[in-house]
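Please go through the notes below with the model open beside you, and check each point against what you see. They are written for someone reading a protein structure for the first time.

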Amino acid sequence: MVLVDLSADRRREQSATGLLNAAEQDRAARLILPGAGREFVLCRAALRALLCSALDCDNADLTFRTETHGKPYALVRGRVAPVSFNVSHSGDHGLIAIAPHGRVGVDIETHDWAFDLPAGLLSVFSVRERGDFAETRDDARWRQRFYRYWTLKESLIKGVGLGFAMNTTRFDLPSALRRGEADGVFRFHHQPTANWHLATFGNRAFTAAVAIDYSGRGMSPHESGPSPRTHRRRFSRLPAGPRALGPVTRPRVVRHPHLTPDP
Ligand SMILES: CC(C)(COP(=O)(O)OP(=O)(O)OC[C@H]1O[C@@H](n2cnc3c(N)ncnc32)[C@H](O)[C@@H]1OP(=O)(O)O)[C@@H](O)C(=O)NCCC(=O)NCCS
């Protein structure tokens, strides 16, 4: 996992834009909400740099397509790349997770303590989860719990690839995570053989979560690359350090012991 610094920096943004292809540059130009273009450009450039490094390919050979609900996947010279990844961006903070195989989803939310989070947002949670919000809404713990639950749920629905087309009220986060532990395993009722490893982390500025399913069942249609062995070998080439990203981003690699691939 790599945290990407998305704070405003015109020079960095310019060099990041240069790494994007014409379609991506066109998309960036159409993003008019404040900060949206910058978030997309810096995150996409960082993703390109990381994927080129992991897949040992040239930036010009890398393209993206999306699944039905918008989840991007990568192609190298027109062939689906043997790698899983997901991206999230919020304000000055971006998060990219790359896995050798399986499915991965991430979410990051920049804290905005001044913004009055409406209680209605709780409607994305299950009845049981809503019951956990015993504190009053102006309590800092209410917000911390909100950001934690929100990012965990969103990492799951992004891992699956359906996003909010999925009904997030229909499943409960694992009780360990709801009690405040940093990681846990989640299974959907309809897919009990898929083990989603969930982890949450953050600091004063943001809360983030990652969901990874290495079981290989119910994988997205694009995931038909070489065997997991090949994926692992290729993945081990990922340096994910500042050298790999050049001047485009200031990355910080986050490792989580519970999110390594099954042996
Ligand atoms: C995926 C989704 C939850 C992301 O929401 P968000 O909080 O605004 O954005 P985040 O910053 O966390 O993530 C954005 C990134 O997620 C990725 N993404 C987009 N759609 C995705 C999906 N369905 N699953 C997983 N990842 C997705 C993209 O990489 C995107 O970044 P990019 O545009 O820079 O490439 C939201 O866009 C969604 O629900 N999409 C599906 C919509 C849909 O099908 N709706 C049907 C009717 S409800």
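1. Four strands make an open sheet in the order β7-β10-β9-β8, and their pairing is antiparallel. Strands, here and below, are DSSP runs of E with at least two residues, helices are runs of H or I with at least four, and both are numbered from the N terminus; two strands pair if DSSP finds at least two bridges between them. At the edges stand β7 and β8 (183-188), each of which pairs on one side only. From one strand to the next the twist averages 20°, where axes are lines fitted to C-alpha atoms, for helices over the stretch in contact, and angles between N-to-C directions run from 0 to 180 degrees.

2. The model is predicted: local features need pLDDT of at least 70, side-chain atom pairs count only at pLDDT 80 or more, and totals for chains, interfaces and linings use all residues. Residues are numbered from 1 along each chain as its sequence is written.

3. How far does α5 reach from its first C-alpha to its last? This helix of 21 residues reaches 31 Å, close to the 30 Å expected at 1.5 Å a residue, the expected span being 1.5 Å times one less than the number of residues. Just after α5, glycine 161 takes a positive phi of about 100°.

4. Asparagine 167 lies in the loop between α5 and α6 (175-178). Why does asparagine 167 count as exposed? Asparagine 167 is called exposed because it has 11 C-beta neighbours inside 10 Å; the rule is that a residue is buried if 20 or more other C-beta atoms, placed from the backbone, lie within 10 Å of its own, exposed if 12 or fewer, and partly exposed in between. Although asparagine 167 and valine 124 are 43 residues apart in sequence, their C-alpha atoms are 8.0 Å apart in space.

5. The ligand is surrounded by 20 residues, of which the closest are Gly70, Lys71, Ser88, Gly163 and Phe164; a residue is near a molecule if its C-beta atom, placed from the backbone, lies within 6 Å of it. Two or more residues of this shell are given by each of α3 (36-55), β5 (84-90), β7 (103-110) and α5 (140-160), and the largest share, five residues, comes from β5.

6. Strand β5 is largely enclosed by the rest of the structure, because six of its seven residues are buried. It pairs with β6 (residues 93-99) in the antiparallel sense over seven bridges, and the bridge partner of asparagine 86 is alanine 97 in β6. The two strands form a hairpin with two residues between them, and glycine 91 in the turn has a positive phi of about 60°.

7. Helix α3 is mostly covered, with 16 of its 20 residues buried. At 1.5 Å a residue α3 should span 28 Å, and its end C-alpha atoms are 28 Å apart, which agrees. Just after α3 comes aspartate 56, which has a positive phi of about 55° although it is not a glycine. Aspartate 56 is found in the loop between α3 and β2 and counts as exposed, because it has 10 C-beta neighbours inside 10 Å.

8. A further open sheet has three strands in the order β2-β3-β4, with antiparallel pairing. Its edge strands, β2 (62-66) and β4 (79-80), each have a single partner strand, so one side of each is left without a neighbour in the sheet. Strand β3 (residues 72-76) and β4 pair over two bridges, and valine 76 stands opposite arginine 79 in β4. In the loop between β3 and β4 lies arginine 77, a residue other than glycine whose phi is positive, near 50°.

9. As for the whole chain, there are eight helices and 11 strands, and buried residues make up 35% of the 263 residues.
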